[in-house]
Amino acid sequence: MNLSVGMRAAVVSVAIFVAFMLAWHVATQGSGPVAQMDPEYAKLLGLTATQGKSAMPGPLDVGMKLWEHLQQPFYDKGPNDKGVGIQLAYSIARVGLGYLLAVAFAIPIGFLIGMSPLMSRALDPFIQVLKPISPLAWMPLALYTIKDSHLSSIFVIFICSVWPMMINTAFGVAAVRKEWLNVARTLEVGPLRRAFTIILPAAAPTILTGMRISIGIAWLVIVAAEMLVGGTGIGYFVWNEWNNLSITNVITAILLIGLVGMLLDQVLARLTRLVTFPE
Amino acid sequence: MTEKFISIEGITKRFPAPGGGATTVFEDLWLAMRRGEFTCIIGHSGCGKTTVLNVLAGLDVPSEGTVIVDGQAIEGPSIDRAVIFQSHALLPWRSVMGNVVYAVASKWPRWARTDQEEQAQKFIDLVGLTGAEHKRPAELSGGMKQRVGIARALSIEPKIMLMDEPFSALDALTRGTLQDEVRRICMETGQTAFMITHDVDEAIYLADRIVMMSNGPGALFAEIVENPLPKDRKRTDFHKHPLYYGVRNHIIDFLITRSKNFAEEVASRGFDRRQVPVVRPLAPEPVIAADAGRELTSSASRPGLSRPTAAAASPGS
């Protein structure tokens, strides 16, 4: 075997995947008729009781459901029956809006904290207290003040993505190498040009790392927020399907949430690589 | 001193000491430099050489005293005084061209981009980096990075070049070629230069005058050695010059023995900080072979020195 490490890793991944699918398939297999009974009574009891069929859907059920969803992602048959694509789009839009608001707020404040030791100390107690609050704890307050469930979930995304970005920006700005600042000083570079040509590029990798952490947290929180708020979104979809007792749909949604989360993370990872400079 | 282009006037630097009070790094330093002169400062670590350079650059503020450049007291950094940093301090996210253009654009912000690049190119060529314009600093060797630093400093056509051990991180061969370049450029452009070094040969090769600093705390400019070697000295043979060992021995003797207890040395004879003694080491006098042994054991003399207090300075024999 002289395959590259990447190839071998792929082989192992596929093996794990197949093993998991097989185990899943076997575990959810029905055990055949369990008892002889009147067909009418059997109908009332359902397949689980009569045929020994697992209540948990197997991989084939989920696969078929996923295929079904992917063929028709954007149908809209009223408030309780929308395509999974529409639900995901709602969630992504909320995350996008809340996240962009957070970027616009956190990065300038982070700059301020990073550049001014005074502001750093003055704002520190607020950040220390606000940061560990679960974003969902804000939800009632948001609903009460904003009076709009859609905007409230955007606010919750905003409040949970602000902190990692703000803290990372402050750290990145404060850690800009003294010698680069001295270069700017000896060249008599003005404060604005210094901020954009020295501090921003020097701190960009750290800022982007904070943004990457934030998008991950935002995507975690949106599912919970939408379960709470309801109406639209992938979180609502999960909860709605739970109420419908459609475990197949719940598992499908879980899978899609994971895939979208991975994509969002990859986008930020790509951006981070763009601004990272070798030393 | 006929003309004082740069005048260090009584600068003192104190830092608050950990246990209260203050540590005086150096105190009441006076020095004047002429236009177009190359001055090297040499002394042990911790005597405050870098602080003196930072004060000249305007990056540091002295606790007392002032520095006057071209008739004006220094108030902060100025683009007229270029600094070549020990750690080259290139901006790693910019290319070689980008780094030099950044300096050019700081000096002449209104120039067209093409003019700025042309000016930068001129100095990239001057330091021999033609063809590497689009490389990032990470792709360059240590010597090449320092060349970019030199090109960046020169491209803004400064009145003064300040260099903080610019070659100390380089290997001997690269250091040699860069010394040649810096010397050539300074000679051609009549640049006023101030450089910190630990390397005695580097000081003798480059400097017109070598300022020797005693050990800190409370360091002071102890002596100024006028370089007696001819102006057109070459790196390949300057160490064969008859006066070379006189200068070298004098400096090394200072660094090894005299710098430690310079304060005691001068306590007996008085020391005018404003008139730092100027020494011009001469050729060693021929010594008759028969007397040589007696000569060497009698005292740790420094043959050929015109310094009147040479005897007083000798370490207790």
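Between domain 1 of chain B and domain 2 of chain B there are 0 salt bridges, a salt bridge being a side-chain nitrogen of Lys or Arg within 4 Å of a carboxyl oxygen of Asp or Glu. The model is predicted, with pLDDT of at least 70 needed for local features and 80 or more for side-chain atom pairs, while totals for chains, interfaces and linings use all residues. Residues are numbered from 1 along each chain as its sequence is written, chains are lettered from A in the order in which they are written, and side-chain values use heavy atoms, without hydrogens and water.

**Domains of chain B**

Domain 1 of chain B covers 6–76 + 162–170 + 191–313, and domain 2 covers 81–158; these bounds come from an automatic or database domain assignment. Their contact (heavy atoms within 4.5 Å) involves 17 residues from domain 1 and 12 residues from domain 2. The two domains bury about 1,100 Å² between them, 56% of it on carbon and sulfur atoms. Buried area here is the accessible area (1.4 Å probe) that two parts lose on being put together, summed over both.

On the domain 1 side, helix H1 (49–57) and strand E7 (160–164) of chain B are the elements that give two or more residues. Helices (H or I, at least four residues) and strands (E, at least two) are DSSP runs, numbered from the N terminus. That side divides into 11 nonpolar, 4 polar and 2 charged residues, where Ala, Val, Leu, Ile, Met, Phe, Trp, Tyr, Cys and Pro count as nonpolar, Asp, Glu, Lys and Arg as charged, and the others, Gly among them, as polar.

**Chain A against chain B**

Chain A and chain B bury about 1,800 Å² between them, 66% of it on carbon and sulfur atoms. Arg185(A), Thr186(A) and Leu187(A) supply 32% of the area that chain A buries against chain B. The count of salt bridges between the chains is 0, and 6 residue pairs are in polar contact, both at pLDDT 80 or more. Helix H9 (178–186) and helix H10 (191–229) of chain A each supply at least two residues to the side that touches chain B, and H9(A) gives the most, with 6 residues.

Over all chains the count comes to 23 salt bridges.

| Pair | N to O distance | Relative accessible area |
|---|---|---|
| Asp60(B), Lys13(B) | 3.0 Å | Asp60(B) 22%; Lys13(B) 9% |
| Arg184(B), Glu188(B) | 3.6 Å | Arg184(B) 33%; Glu188(B) 55% |
| Glu223(B), Arg258(B) | 2.7 Å | Glu223(B) 1%; Arg258(B) 2% |

Arg184(B) and Glu188(B) both lie in helix H5 (residues 172–189), 4 residues apart, about one turn of the helix. Glu223(B) is buried, and Arg258(B) is buried as well. Arg35(B), Asp70(B), Asp80(B), Lys107(B) and Lys159(B) are linked in a network of salt bridges.

Methods:
A polar contact is a pair of N or O atoms within 3.5 Å; within protein, one must be able to donate a hydrogen and the other to accept it, and residues adjacent in sequence count only if both atoms are side-chain atoms. Buried means under 20% relative accessible area, exposed over 50%, partly exposed in between (1.4 Å probe, protein chains only).
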